[in-house]
Amino acid sequence: MNFQLTEEHLAVQAAARDFAQTELLPGVIERDEHQKFPAEQVKKMGELGFLGMMVDPKYGGGGMDTISYVLAMEEISKVDASASVVMSVNNSLVCWGLEKYGTEEQKQKYLTKLATGEVIGAFCLSEPEAGSDATSQRTTAEDKGDYYLLNGTKNWITNGSTASVYLVIAQTHPEKGHRGINALIVERGMEGFAIGPKENKLGIRGSDTHSLMFTDVKVPKENRIGEDGFGFKFAMSTLAGGRIGIASQALGIASGAFELALKYSKERKAFGVEIAKHQAIQFKLADMGTNIEAARLLCLQAAYDKDTHQDYAMSGAMAKLFASKVAMDTTVEAVQIHGGYGFVKEYHVERLMRDAKITQIYEGTSEIQKIVISRELLK
Ligand code: CAA
């Protein structure tokens with residue numbers, strides 16, 4: 001067993017760290033405050049290859065492994081989780097789903113632009129009444145011969161107004177339950193496709209979250225991904241990898257808060273000494289550091305499973321379940337270590353604490369991860 005990262009891995013990690021510190025850190029507080037999408041920064045992420053990291057170079061991607069992706073996600077999430085969610089959705093859900101299950105024509109038409117970041121994508125599964133219970137899709141894709149007639153509403157869609165390519169999950173054959181669901185590629189600007197107002201969120205406030213409305217949108221048959229009725233499996237399979245991305249995001253939020261708390265504890269004095277000299281703080285730092293290391297190992301294990309073509313549904317769910325709890329716990333403690341300073345925006349940790357919460361909700365709540373894990377354990 002080898003726990004050493006390769007030189008290529010270390011180079012990707014260093015490049016992501018450098019990008020996060022030089023391009024994302026300036027302005028991150030203002031973007032959060034004003035709910036401003038990091039448009040320029042996302043464009044640069046595309047130019048640097050962070051938006052299609054694992055895609056085959058013949059489609060414009062970086063051809064990297066999932067371990068590289070985890071390392072880059074951690075570094076970027078340490079600084080700006082609003083930017084890293086764009087990266088995660090584009091890489092794991094949209095690019096991966098299209099590369100794995102799309103036709104050659106779909107790959108040439110959509111993946112090549114998504115992998116280079118020329119355009120970004122969105123993954124549209126959640127609905128007002130179908131979040132965790134993803135089989136209860138109300139959005140319909142009626143088969144009209146050479147096209148589908150799409151009607152319905154999607155909620156909480158990341159990259160909602162900034163994406164150009166939307167992978168939309170919809171019910172075609174209600175009598176078949178989840179086996180009657182399809183995944184369709186919908187383009188921005190198709191007639192009948194409307195974007196609702198931006199959500200005013202607790203965290204990841206720079207990210208672009210909207211509801212989407214489809215009214216008699218005609219989606220050509222060639223935009224269906226996979227066989228008729230494959231849509232639910234497409235969503236589940238894609239989300240299994242997506243959870244590794246969100247686990248790494250949670251890891252990054254935790255390690256970003258930890259680094260800030262560690263630094264602060266060596267600078268801030270109380271009762272005549274740096275607070276790091278007090279055992280009350282040392283115990284917190286020891287717990288935080290240990291939990292982060294365990295979360296990192298779970299993320300790398302899941303990535304390794306995926307890279308070596310083993311089943312990663314359970315390891316990905318475990319990584320997400322654990323890392324998102326570590327993100328929540330660590331950021332709360334980081335605020336506590338900072339005391340009053342932790343409660344104000346300039347010190348970053350309050351934002352990381354707010355950002356951490358979403359990692360326990362999206363791409364399956366913690367309760368959904370437990371369902372996935374227990375089903376695998378009981379198989
Ligand atoms: N890969 C491929 N197929 C899979 C799969 C996987 N990992 N997991 C399940 N399936 C298949 C099953 O084999 C089954 O197929 P058959 O019936 O043909 O054999 C089918 O999918 C249904 O599976 P289940 O019976 O397990 O389905 P279920 O109704 O019991 O639900 C669930 C399972 C795990 C609860 C699922 O509904 C789920 O994951 N819910 C959460 C949804 C979610 O994560 N939403 C996130 C929204 S996206 C988002 O957040 C993106 C963003 O913007 C950041």
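Between domain 1 and domain 2 of this predicted model, the count is 1 salt bridge, a salt bridge being a side-chain nitrogen of Lys or Arg within 4 Å of a carboxyl oxygen of Asp or Glu. The side chains of K109 and E187 meet in a salt bridge, with 3.4 Å from N to O. Residue pairs in polar contact between domain 1 and domain 2 number 14, both residues being at pLDDT 80 or more; a polar contact is a pair of N or O atoms within 3.5 Å, where within protein one must be able to donate a hydrogen and the other to accept it, and residues adjacent in sequence count only if both atoms are side-chain atoms.

On the side of domain 1 that touches domain 2, at least two residues each are supplied by α2 (28–33), α5 (81–101) and α6 (104–116), helices being DSSP runs (H or I, at least four residues) numbered from the N terminus. The most, 9 residues, comes from α5.

In total, 23 residues of domain 1 are in contact with 26 residues of domain 2 (heavy atoms within 4.5 Å). About 2100 Å² is buried between domain 1 and domain 2, 62% of it on carbon and sulfur atoms; buried area is the accessible area (1.4 Å probe) that two parts lose on being put together, summed over both. Q35, Y110 and I120 supply 31% of the area that domain 1 buries against domain 2, more than any other three residues.

Residues are numbered from 1 along each chain as its sequence is written, and side-chain values use heavy atoms, without hydrogens and water. Local features need pLDDT of at least 70 and side-chain atom pairs count only at pLDDT 80 or more, whereas totals for chains, interfaces and linings use all residues.
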